[in-house]
Amino acid sequence: MANRNGQPSNAEIAAQALRYIDEQGLDGFSMRKFAEYVGIPVMTISNRFGSKEALLKEALSCMLAETSIDKVSGESWSDDLRRVARMHRRMALAHPGAFPL
């Protein structure tokens, strides 16, 4: 959701960072390259997140938010373990560049 100035929210920027990392890989991630990718001044991103590490943590939060590890009623511990392992596998396949985060 964009803010009043029409700029993307921090959550949107973090989601775009996750997309960028999936496309370009984690090793090549830099604030400057990412800023060019999204068309937002690097200082705007730096002012909002404070550091590259903070932006990467937010991108990781976006990735983890795609899964739920809540206990399912009536599920055995082994079924629970299998379900969570499958979710993590899907996350790894969906975000190969960002999964090392």
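Modeller: Here we go through a few labels, helix by helix.

Modeller: A quick word on the ground rules: this is a predicted model, where local features need pLDDT of at least 70, side-chain atom pairs count only at pLDDT 80 or more, and totals for chains, interfaces and linings use all residues. Residues are numbered from 1 along each chain as its sequence is written, and side-chain values use heavy atoms, with hydrogens and water left out.

Colleague: What makes residues 10–24 a helix called α1, and what span does α1 reach?

Modeller: Helices are DSSP runs of H or I with at least four residues, numbered from the N terminus. α1 has 15 residues and reaches 20 Å from first C-alpha to last, close to the expected 21 Å. That expectation is 1.5 Å times one less than the number of residues. Just after α1 comes Gly25, with a positive phi of about 95°.

Colleague: Why is Tyr20 called buried?

Modeller: Buried means under 20% relative accessible area, exposed over 50%, and partly exposed in between, using a 1.4 Å probe and protein chains only. Tyr20 has 5% relative accessibility, so buried it is. Tyr20 sits in α1, whose buried residues are Ile13, Ala14, Ala17, Leu18, Tyr20 and Ile21.

Colleague: What does Tyr20 touch, leaving out residues up to four places away in sequence?

Modeller: Contact means heavy atoms within 4.5 Å. On that basis Tyr20 touches Gly25, Gly28, Phe29, Lys33, Phe34 and Tyr37.

Colleague: Why is α1 called roughly perpendicular to α2?

Modeller: Axes are lines fitted to C-alpha atoms, for helices over the stretch in contact, with angles from 0 to 180 degrees between N-to-C directions. Under 35 degrees counts as roughly parallel, over 145 as roughly antiparallel, 65 to 115 as roughly perpendicular, and the rest as oblique. The axes of α1 and α2 come within 11 Å and cross at roughly 105°. That makes the pair roughly perpendicular. α1 brings Ile13, Gln16, Ala17, Arg19, Tyr20 and Glu23 to the contact, and α2 brings Lys33, Phe34, Tyr37 and Val38.

Colleague: What makes one face of α2 the buried one?

Modeller: Its buried residues are Met31, Phe34, Ala35 and Val38. Down the axis of α2 they fall within an arc of 105°, so they line one face of the helix. They pack against α1, α3 and α4. The face turned away from them carries the exposed Arg32 and Glu36. Just after α2, Gly39 has a positive phi of about 75°.

Colleague: Is Ile45 buried or exposed, and how do you know?

Modeller: Ile45 has 0% relative accessibility, so it counts as buried. Ile45 lies in α3. Leaving aside neighbours within four places in sequence, Ile45 is in contact with Met31, Phe34, Ala35, Val38, Ile40, Gly50 and Leu55.

Colleague: And what about Leu93, buried or exposed?

Modeller: Leu93 counts as exposed, because its relative accessibility is 57%. Leu93 lies in α5 (residues 77–94). Leu93 and Met31 are 62 residues apart in sequence and 25 Å apart in space, C-alpha to C-alpha.

Terms used. Helix = DSSP H or I, 4+ residues; strand = E, 2+ residues; numbered from the N terminus. Arc of directions from axis to C-beta.
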